Amino acid sequence: MSRTHAMRATRPARWTARGVAVVFAAAMLAACAHGPAPSTGARPRIVWPPAPDPARIEFVQSISTPKDVGIRASWFKRAVLWIARGRVVRGMARPFAIAVGADGRIVVADPDARSVHLFDPTRSRYERLVKAGDGPLVSPIGVAIDTAGQIYVSDSASGEVHRFDERGRWLGPFGTAAEIGRPTGLAYDTRAERLYVVDTIGHRIVGLDSDGEKVLDAGRRGTGPGEFNYPVAIAIDRDGLLYVADAMNFRIQVLDGAGQFVREFGRPGRATGQFDKIKGLALDSDGHVYVSDALHDVVQVFDREGRLLTVIGGSGSRAGEFWLPAGLYIDASDRIFVADSANHRIQVLRYLGSLVAENTG
């Protein structure tokens, strides 16, 4: 089915309708390419948008095992083998959410493996967190890291948020008094020192201070401004605004730090700029909003007002292609981490700058 629609000619001068359509069409041409591509020697540079437009985002690497980030073999012998979709997979079963610490640690929630993977390239260490106290992690689906390096993990099955130290040692449950029904997406605001938790079945966003006390409770079920229908992910911009993936309302809502509605964008559909199965979102240093869509196998990039700028990816298993992409994270260096869940890997891209084209009048 075609997903290439012309962009409106009257919108402000951003990427042209032709440019965005070309990107999305290229992504869709790969829709059936789930098998590995034959080796052709040196890999050409993979960038978005495609030539002749200037490159704004480039592919950096894929991460499947600790070895991919330079961790010595003695540390990743504990990386288990998984049977996933009929084949043996080493490392990650279904990576779903990602957080990256200031020290370079990469933390990945892997609900199918009932684990959290902790990659520490600086210290050449790998840990796999499987327990929270005396009990197992059941469905770890969200992760975040605070300014002290502590790791927060949401377990959607047990209904708990757990806190671990920087080495992965369990410190206890966090925010239990907030009575969160199904914690999923997490985001940590380093300036306010707050952990924001998406309560998917509660259709709300909960803010917790450093002691785990509830300081924000925003939202209820509905379709109006500030209401949610199964939200799944959250990200924070440089001004402290909260961007929420309101999945079953097929939109991104923006709230201020007090939980008040600011704006929204998005609508359901299968064309460029529309949403079908939102799984994750993140923001780069210029405030562009990246949204993963698991049905389309793409990441769409918007400006602050919701105007589509470019589309990354397409269905497949080669570098720069996705299969059910889920969580997103963008670090301080504008590296874009994509949980390419059904390909059992994290793909790392980099934002090169200047996604918004000049207005030529």
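This is a predicted model: local features need pLDDT of at least 70, side-chain atom pairs count only at pLDDT 80 or more; totals for chains, interfaces and linings use all residues.
1. Four strands form an open sheet in the order S11-S12-S13-S14, and their pairing is antiparallel. Strand S11 (140–145) and strand S14 (170–173) are the edge strands, each pairing on one side only. From one strand to the next, the twist averages 25°.

2. The S13 and S14 pairing. Strand S13 covers residues 160–164 and pairs with S14 in the antiparallel sense, over three bridges. A residue pair to look for here is phenylalanine 164 with tryptophan 170, its bridge partner in S14. S14 is also one of the edge strands named above.

3. Salt bridges overall. A search of the whole structure finds 19 salt bridges. The points below take up some of them, together with the accessibility of the residues involved.

4. Arginine 123 and aspartate 103. These two residues form a salt bridge, with their closest N and O atoms 3.6 Å apart. The pair links distant parts of the chain, 20 residues apart. Arginine 123 lies in the loop between strand S7 (115–120) and strand S8 (125–129), while aspartate 103 lies in the loop between strand S5 (97–100) and strand S6 (106–110). Arginine 123 has a relative accessible area of 41%, so it counts as partly exposed. Aspartate 103 is also partly exposed, because its relative accessibility is 29%.

5. Aspartate 246 and arginine 251. The side chains of this pair meet in a salt bridge at 2.8 Å, N to O. Aspartate 246 is buried, with a relative accessible area of 0%. Arginine 251 has a relative accessible area of 4% and is buried.

6. Arginine 318 and glutamate 321. A salt bridge joins the side chains of arginine 318 and glutamate 321, at 2.7 Å from N to O. Arginine 318 is partly exposed at 39% relative accessibility, whereas glutamate 321 is buried, with a relative accessible area of 8%.

How values were computed
Residues are numbered from 1 along each chain as its sequence is written. Side-chain values use heavy atoms; hydrogens and water are left out. Two strands pair if DSSP finds at least two bridges between them. Helices (H or I, at least four residues) and strands (E, at least two) are DSSP runs, numbered from the N terminus. Axes are lines fitted to C-alpha atoms, for helices over the stretch in contact, and angles run from 0 to 180 degrees between N-to-C directions. A salt bridge is a side-chain nitrogen of Lys or Arg within 4 Å of a carboxyl oxygen of Asp or Glu. Buried means under 20% relative accessible area, exposed over 50%, partly exposed in between (1.4 Å probe, protein chains only).
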